[in-house]
There are 2 protein chains.
Amino acid sequence: MKQEILHIQTSAFNALAHPLRLKILEKLRSGPCCVCKIIPYVGGEQSNVSHHLALLRKAGIVQSEKRGLEVWYQVTDTRIFKVIDQMAGCIVQRLKKSQRLLRSLQETAV
Amino acid sequence: MKQEILHIQTSAFNALAHPLRLKILEKLRSGPCCVCKIIPYVGGEQSNVSHHLALLRKAGIVQSEKRGLEVWYQVTDTRIFKVIDQMAGCIVQRLKKSQRLLRSLQETAV
DNA sequence: TGACTATATGTAAATATAATCATATATTAT
DNA sequence: ATAATATATGATTATATTTACATATAGTCA
């Protein structure tokens with residue numbers, strides 16, 4: 001049972017572990033969006049973007065809805081952006097930390 | 001530059017995208033921990049666990065420190081647990097939502 | 001010094017993921 | 001019905017990840 005959650009969580013993190021997919025989610029930050037807008041935004045081939053959208057869908061991160069010829073995507077739970085932002089925060093802090101370390105090393109070198 | 005951050009973030013999420021690595025982090029929740037405790041906790045072979053620890057290290061999620069013969073690991077930034085917990089929250093909510101949907105379908109079936 | 005212990009690293013095989021190309025499906029317009 | 005459009009899916013190849021086994025390294029102790 002706990003094992004199940006672990007696997008769902010794993011596949012959710014896996015869904016975020018690709019630059020193109022993070023870019024897709026960046027586009028979805030402002031709300032539902034048509035695939036026809038997502039493709040030029042993230043760049044690359046249509047079928048490739050579609051595969052990545054499918055992966056995000058299967059991981060439960062996004063949902064799609066057909067509107068005429070178009071398909072619109074949106075995130076299933078906007079808290080996914082908090083996950084992404086928290087991670088960005090961790091990274092920025094880490095970079096700042098190593099920047100401080102570098103500076104102090106430079107000072108002692110003088 | 002923005003591209004760089006995206007790649008660091010990608011590799012950070014990738015580091016969380018494996019059940020064994022999530023288990024390692026679970027063990028590190030209570031603070032620094034010796035590899036000799038991590039291995040029996042997560043199960044599996046020593047060299048495999050060591051490879052996963054190396055990946056977490058390279059992604060900047062954890063840091064290691066030698067103490068005599070032992071090596072102790074700890075998370076670089078405890079906010080990583082917020083990232084994991086937020087994601088768990090998303091998943092639980094999603095499961096609850098589909099449970100409600102299932103129940104309402106069962107009711108209309110009666 | 002040599003043996004012992006804890007951990008890391010190199011390597012190879014098995015498996016998974018990503019990108020591309022070709023094709024299928026569904027919707028709309030003629 | 002046919003053509004055109006938007007998107008999804010399947011197949012293939014290239015590449016990356018995971019695991020297991022063997023070996024290396026570094027610290028401790030006799």
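Good morning. Please keep in mind that the structure above is a predicted model.

Let me begin with the two chains. How are chain A and chain B related? Two copies of a chain are related by a rotation about an axis and a shift along it.

I turn now to the contact between them. On chain B, 29 residues are in contact with 29 residues of chain A. On the side of chain B that touches chain A, helix H1 (2-15), helix H2 (19-28) and helix H5 (79-109) of chain B each supply at least two residues. Which of them gives the largest share? That is H5(B), with twelve residues. By class, this side of chain B has 15 nonpolar, ten polar and four charged residues.

Finally, the DNA. There are 25 residues around DNA strand C, and those that come nearest are Ser47(A), Gly68(A), Val35(B), Cys36(B) and Ser47(B). Two or more residues of this surface come from each of helix H4 (46-58) of chain A and, in chain B, helix H3 (35-42), helix H4 (46-58) and strand S3 (70-75). The largest share, six residues, belongs to H4(B). As for the classes, the surface near DNA strand C has twelve polar, ten nonpolar and three charged residues.

Thank you for your attention.

Key: Residues numbered from 1 in each chain as written. Chains lettered and ligands numbered in written order. Predicted model: local features only at pLDDT ≥ 70, side-chain atom pairs only at ≥ 80, totals over all residues. Near = placed C-beta within 6 Å. Helix = DSSP H or I, 4+ residues; strand = E, 2+ residues; numbered from the N terminus. Nonpolar A, V, L, I, M, F, W, Y, C, P; charged D, E, K, R; others polar. Contact = placed C-beta atoms within 7 Å.
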